[in-house]
Amino acid sequence: MQYPINAEENTYLLGAVRPLAPDTEEEEKEKKPQRVLSIDFLRGLTIWFMILANNAEAAWPILEHAPWNGVTIADFVMPTFLFIVGASIAIAFSGALKRKESKFELIKRAFVRTCKLYFLGLFLQGGNFPNYDLSTLRVMGVLQRIAICYFVVTLLFVLVPRIERYEGRMLLLLVRYLPIWVVFAGLHLLYVGLMFGVNVPGCGRGSLADYCNAAG
């Protein structure tokens, strides 16, 4: 009894290699977002150090935050998190922009993440759940500030145009992202102007004393 075998199957039976499917396992891996191990390592190390600083500062004074003037090693935890956030934004959104994804969708996705992180910060800063003390609730805690920085930098990275015509290597980071550098410089000048220009009641103008300055 003979069974019908089409030409493609007959070729396969004779030893030829069957054509690969359009999406092979390697191609599927390439489509998935790849983790950046250096960023993951730095994030994990920073979280470990944050836990250490929060629980062992009484034993080691070097782990205590500086009250106002000066700096200790514990004061580098939040800036390190901000560095990780900025690096992650550049890595994640660069690929999305190259793939011509909708800028509106990217901003919407970032806004949802911002809200989640902000309200998580409120939840953690409120005290012992569910017995919150609203009188001591920190509206602008650490996570809340990181969330706002994340959204602002995402807006800048997605909306501010880049100078794509520059092909050099020496000044690539400076020249290609020159418009973003200009915006950042403007924001810093605005901050300095507010700090030294606002007349704070009871403190005067330009005061940088603890609890007596324009930043509050």
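Reader: How many disulfides does the structure hold?

Author: This is a predicted model, in which local features need pLDDT of at least 70, side-chain atom pairs count only at pLDDT 80 or more, and totals for chains, interfaces and linings use all residues. Residues are numbered from 1 along each chain as its sequence is written, and side-chain values use heavy atoms, with hydrogens and water left out. A disulfide is taken as a pair of cysteine sulfur atoms within 2.5 Å. On that basis the number of disulfides in the structure is 1.

Reader: Which handedness has the link of C203 and C212?

Author: The sulfur atoms of C203 and C212 lie 1.7 Å apart and form a disulfide. The angle about the S-S bond is -125°, and the link of C203 and C212 is left-handed.

Reader: Is C212 buried or exposed?

Author: Buried means under 20% relative accessible area, exposed over 50%, and partly exposed in between (1.4 Å probe, protein chains only). C203, at 25%, is partly exposed. C212 has a relative accessible area of 18%, so C212 is buried.

Reader: How is helix 3 oriented relative to helix 4?

Author: Helices are DSSP runs of H or I with at least four residues, numbered from the N terminus. The axes (lines fitted to C-alpha atoms over the stretch in contact, with angles from 0 to 180 degrees between N-to-C directions) of helix 3 (residues 37–56) and helix 4 (residues 77–98) come within 10 Å and cross at roughly 160°. Angles over 145 degrees count as roughly antiparallel, under 35 as roughly parallel, 65 to 115 as roughly perpendicular and the rest as oblique. Therefore helix 3 is, relative to helix 4, roughly antiparallel.

Technical notes
Helices (H or I, at least four residues) and strands (E, at least two) are DSSP runs, numbered from the N terminus.
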